[in-house]
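Hello,

Here is the structure I promised to hand over. Please open it and keep it in view while you read my notes.

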Amino acid sequence: MHLIQASCRFFKFAIQNPPRTRFQILNRLTRNPISGLERVYSTAAATMGTAETDVESLRKSVIEKQNIVDKQGDEVRALKASKASKEAIENAVNQLKELKLELQSVSKELQSRLSEDSGAAMSKEAFRQAVNNTLERRLFYIPSFKIYRGVAGLYDYGPPGCAIKANVIAFWRQHYVLEENMLEVDCPCVTPEVVLKASGHVDKFTDLMVKDEKTGMCYRADHLLKDYCKDKLEKDLLLSPEKVNELKQVLAVLDELSAEDLGAKIKEYGITAPDTKNPLSDPYPFNLMFATSIGPSGLSPGYLRPETAQGIFVNFKDLYYYNGNKLPFAAAQIGQAFRNEISPRQGLLRVREFTLAEIEHFVNPDDKSHPKFKNVADLEFYFYPREEQMALKSPLKIRLGEAVAKGTINNETLGYFIGRTYLFLAGLGIDKERLRFRQHLQNEMAHYAADCWDAEIECSYGWVECVGLADRSAYDLKAHTEKSAVPLVAHETYPEPRELEKLVITPAKRELGLAFKKNQKMIVEALEVNNTLMFSPALYNNMLMVHTAGRKSQNGYLFLPGHE
């Protein structure tokens, strides 16, 4: 079966959405009026940058006038070298001065526009600092272990912060678990290594890191590249249109760059360590999980869970039985998750421990329709499909039903949960004009995923992901089935038995032994695990005996371990 996954970090909704909405939420959920600061935000919002097209037009004009000035300068030098008449030289010099004045005028205008944008950013920064100071002073949240100078990426919630968090959790549980009749579970935070090995976290749950080659200070490679591109776009007056588009393209595809691509860009742009300006190492993966051991012997390795979903997957068999052996059904979990971030920053946006709420919705892969999709089909909000991202276009405001009908969203079930997530965020008070759903780029998605979308909120840090929604196929259940040897499968009852033709591979162990020698056992085991795969007999006629057999599904059941 396939599953639709949705997850969100709770407190982000209350604290890290746009500042105006932030105070609406605080007022509503805590009944603790906060006055005055909204007017600051209104002023900051009113001064946010001018139209991007005007800035690009001015950039182009500056470059054109600079080229004209350079040519006129060459002409003056040529006249002097050829000992032209004094009058001709003076005319050329006067013309050069006029051109320089025109260039200076356009440059000042461009600088003014960029300063407005920078001023708006400073206004947002000042407002954000004022909000953070207020929240800390009123004990919404404070740095953990403050008397010991704190630890980056860890925060404590005070009484009003706990009240907000409890209310958001209650709203989430009501909106999803109760209204959708989901099965809620609560699993341990400490997870054995074998579970996370099967899920791929031990090998692949990484961010790319670079080190200051002299001090050893660590930085996230993509953050350095992102900061460089934004800084150049904001401050460099003489960027050509081609360079502007190049930097914007880098920002658009930043999440899908490989370690080699990131390293090449860092070297190409001459990016150095922010604090020391020392050279940086090549990017390399850093696993974000906190390692631990279970029990006093130290022989049972484990990790603090980086997500809550694995607890749902490993309990699938029991949850399926509890649900009456019926599909579809959804399971949910709310709990703590832990990620050893390379460089925690941006307040509560990137922390090392946070509350996570996740849903896994299990559905028949041959029928991804949803009976309640019509309830959300007419919702209209902003979508950012991958085609628009690659073309550097703006998000589209369209109906959810239209997005599913056109295939922009892969299926109704995924579309339904996108709609429900939109209603949840709008119900929290998020400004609908600062909320969009961004589709993952093709290289950003896992190979087994059918479709992935992020709900993003525009705040003073820019567009920030707060919810992820994905059609993950049956990858996780298959991975745990193979590792545990416990079949995590569902079945569908047919009115009448159906006949299936199945390819069965019988390994010829003697021939395999001659061909693979000491690896024979491993080959046989692999073939037995994959006995249902449709291999071509012609490829194996020298070492395998292959036969097909028409088989009825037993007792009228067809087992569905999942298709891609």
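Which residues make a nonpolar surface patch of about 520 Å²? They are Phe145, Ile147, Tyr148 and Val151. Bear in mind that this is a predicted model.

Look at Val151 next. Val151 sits in the loop between β2 (141-143) and β3 (155-157). Is Val151 buried or exposed, or something in between? Val151 has a relative accessible area of 39%. Buried means under 20% and exposed means over 50%, so Val151 counts as partly exposed.

Now find the open sheet. Three strands form it, in the order β7-β6-β8, and their pairing is antiparallel. The edge strands are β7 (218-220) and β8 (284-287), and each of them pairs on one side only. On average, neighbouring strands of this sheet are turned by 55° against each other, direction ignored.

Zoom in on one pair. Strand β6 (residues 206-211) and β8 are joined by 4 bridges in the antiparallel sense. Thr206 has Asn287 in β8 as its bridge partner.

There is a helix here too. Helix α9 (residues 221-235) lies across β6 and β7. The helix runs at about 65° to β7.

Last, the whole chain. The protein chain has 564 residues, and 45% of them count as buried. It holds 19 helices and 21 strands. Take the contacts between residues at least 6 apart in sequence: 71% of these join residues at least 24 apart. The accessible surface of the chain comes to about 29400 Å². Carbon and sulfur atoms account for 52% of that surface.

Best wishes

Terms used: Residues numbered from 1 in each chain as written. Predicted model: local features only at pLDDT ≥ 70, side-chain atom pairs only at ≥ 80, totals over all residues. Heavy atoms only, no water. Patch = residues over 30% accessible without salt bridge, like charges linked within 9 Å, V, L, I, M, F, W, Y side chains within 5 Å. Areas by Shrake-Rupley, 256 points an atom, 1.4 Å probe, with all protein chains shown as cover. Salt bridge = Lys/Arg side-chain N within 4 Å of Asp/Glu carboxyl O. Helix = DSSP H or I, 4+ residues; strand = E, 2+ residues; numbered from the N terminus. Buried < 20%, exposed > 50% of the residue type's maximum accessible area, 1.4 Å probe, protein only. Pairing = 2+ DSSP bridges. Axes fitted to C-alpha atoms, helices over the stretch in contact; angles between N-to-C directions. Contact = heavy atoms within 4.5 Å.
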